[in-house]
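Let's walk through this structure together, one piece at a time. Keep the 3D view open as you read.

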Amino acid sequence: MFSYSLVNVLGACLIITSMMVVLARTRRAAAFLYSLQSLVLVGLLASLGAVTGSTELFTWSATAFATKVVLVPAILLFTLKKIGNDAQADLSPKLKPMKSVTLVAVEVFICFVAVSGIDLPTAAAVKPTLAVSLAHFFIGLTCIVIQRSIFKQIFGYCLMENGSHVTLALLAPQAPELVEIGVATDAIFAVIILAVLVWRMAHYAHTLDADDLCELKG
Amino acid sequence: MTIIIAILQAILLVSIAPLLSGITRKIRAKMHSRTGTSIFQDYYDLVKLWKRCEVKEGGSSIVSRLAPPIFLGSFILLATGLPLVMQACPIPIFGDIITILYLMALPRFMFALASIDSAGSYTAIGGVRELLVGVLIEPSLILVLFVMAVAASSTNVGIMAFSVANLSAYPFVAVVVAGVACAMACYIEMGKLPFDLAEAEQEIQEGPLAAYSGPSLAMMKLGVSLKQLVVASLFVAIFVPFGAAANAAPLELVCGLVAYLVKVLIVFLIASVIENAVMRVRYKFLGRYTWFVMGIASLSLVFLVIGI
């Protein structure tokens, strides 16, 4: 049952869930969808662990579950609760959904073309997933660029971070736990800092619109 | 043997199409807290129309007279070719995606031609809208069918159904995403809200119907409900072939028939619930929805290319 094809299918699910995060209408929905995406990521790490026989990856998936499925969405939802009515409701993104979907599709394709040139023995069977993980970096960037709400831009960062996590797991499945702790804590602290910033801005400027916030220079 | 199945399934589809249309009407009435008409209302309408004499518009040519039989006939031909009860196509030549796409384009073309041919300017607007829907949604349908053709390595719908039923269609995720895109495309093709209102044909998408009367109108009306059923069956046949008969043994065929009817009924139930939960969209904004479907279809193509 555990084979590289399962890893690849989960990689595709990562793309679909991250697209749902980008397209989510409300901020709450985006937080829950991010949690779902992280759950897929945990599944991917665990199945990769089963395929490669690396025990480290199981610990990775456990810590990823604690940090990404539970902690990060909890922090984000808590921030939302804190912001409350300080800032206006959900802002629509700058790009229409269909353009975002097409953009994501194009990004995945370009990443696949880029990855197909790489010839690594560790990543021969999981090239599609490697492309997916690379594409996550661009999907995250897309999310940051197209979202007007600075709260939703945090999700862009989180998506990029998930991508780097998958890349690391694919290329270095035997890497010690210490490396993983580095990646996970990095995410947690960055999200906490960003959440505090968003909360302070909402409190001070009563808006989460990045365009409006540009006027707050000096 | 398979030819008999093909003829029987065409007769079946033609005979139950008005019933399904009646059921969706009844569901709408119930959701609006109305009693609604009988589920057999469409049959009564058709019989009544068939008895009436036909009135032709002054100045309309043979195109207007040919459109209703061609419209109905194309969908009957489509109905013979789809792998509904069996996993294989009863008549393979009608089960090829290229034939299917052209057979779906032909009635649309005749429809648009008839709308221009009619003397009224109002019908032409309806024809233009019908064409607009076709132009916007057909590329996604073509893309989805292309993905399926590569995944099943055949352009025959029966072989696609067979490979999906055995879970042997290779890039698994690409097929699932293509299925989602196909479901959305078929929903729009069915001409339901938010894109069209089945009972207000004269008003929008099916504008040319305003110019018809008597048996021609009956044929058109039957064709429209048959179109909904055929499009839903196309989706069911390719992406949900589970339960269809693997061979032509009588018992399996009966099981396949029951499974097909249940699946189509479920599709219609879901479609009518969605239909009643949304508002009608202005034609100006139709592109937004169809481009979204196109985006998902292109995502499935990308998944196919990268092989997941």
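Predicted model: local features only at pLDDT ≥ 70, side-chain atom pairs only at ≥ 80, totals over all residues.

Residues are numbered from 1 along each chain as its sequence is written, and chains are lettered from A and ligands numbered from 1 in the order in which they are written.

So what is chain A made of? It has 8 helices and 0 strands, where helices (H or I, at least four residues) and strands (E, at least two) are DSSP runs numbered from the N terminus. Its C-alpha trace spans about 50 × 35 × 30 Å along the principal axes. A compact globule of 218 residues would have a radius of gyration near 17 Å, and the 18 Å of chain A agrees with that.

Now zoom in on A:Ala169, which is found in helix α6 (residues 150-171) of chain A. Is A:Ala169 buried or exposed? It counts as buried, because it has 28 C-beta neighbours inside 10 Å. Setting aside neighbours within four places in sequence, A:Ala169 is in contact with A:Leu45, A:Leu48, A:Leu57 and A:Trp60; two residues are in contact if their C-beta atoms, placed from the backbone, lie within 7 Å.

Next, helix pairs. Two packed helices are described by the angle between their axes and the distance between the axes. Helix α5 (residues 127-146) of chain A packs with α6(A) at about 165 degrees, with the axes 7 Å apart. Here axes are lines fitted to C-alpha atoms, for helices over the stretch in contact, and angles run from 0 to 180 degrees between N-to-C directions. α5(A) and α6(A) are therefore roughly antiparallel (over 145 degrees; under 35 is roughly parallel, 65 to 115 roughly perpendicular, and the rest oblique). By class, this contact has 13 nonpolar, 9 polar and no charged residues. Ala, Val, Leu, Ile, Met, Phe, Trp, Tyr, Cys and Pro count as nonpolar, Asp, Glu, Lys and Arg as charged, and the others, Gly among them, as polar.

Over in chain B, the axes of helix α4 (residues 97-117) and helix α5 (residues 121-151) come within 9 Å and cross at roughly 170 degrees, which makes α4(B) roughly antiparallel to α5(B). Their contact divides into 10 nonpolar, 5 polar and 2 charged residues.

Finally, where do the chains meet? 16 residues of chain B are in contact with 16 residues of chain A. On the chain B side, α7 (172-189) and α10 (286-306) each supply at least two residues, and the largest share, 12 residues, comes from α10(B). By class, that side of chain B has 12 nonpolar, 3 polar and 1 charged residues.

Note on methods:
Rg over C-alpha atoms; globule rule 2.2 N^0.38 Å. Buried ≥ 20, exposed ≤ 12 C-beta atoms within 10 Å, placed from the backbone.
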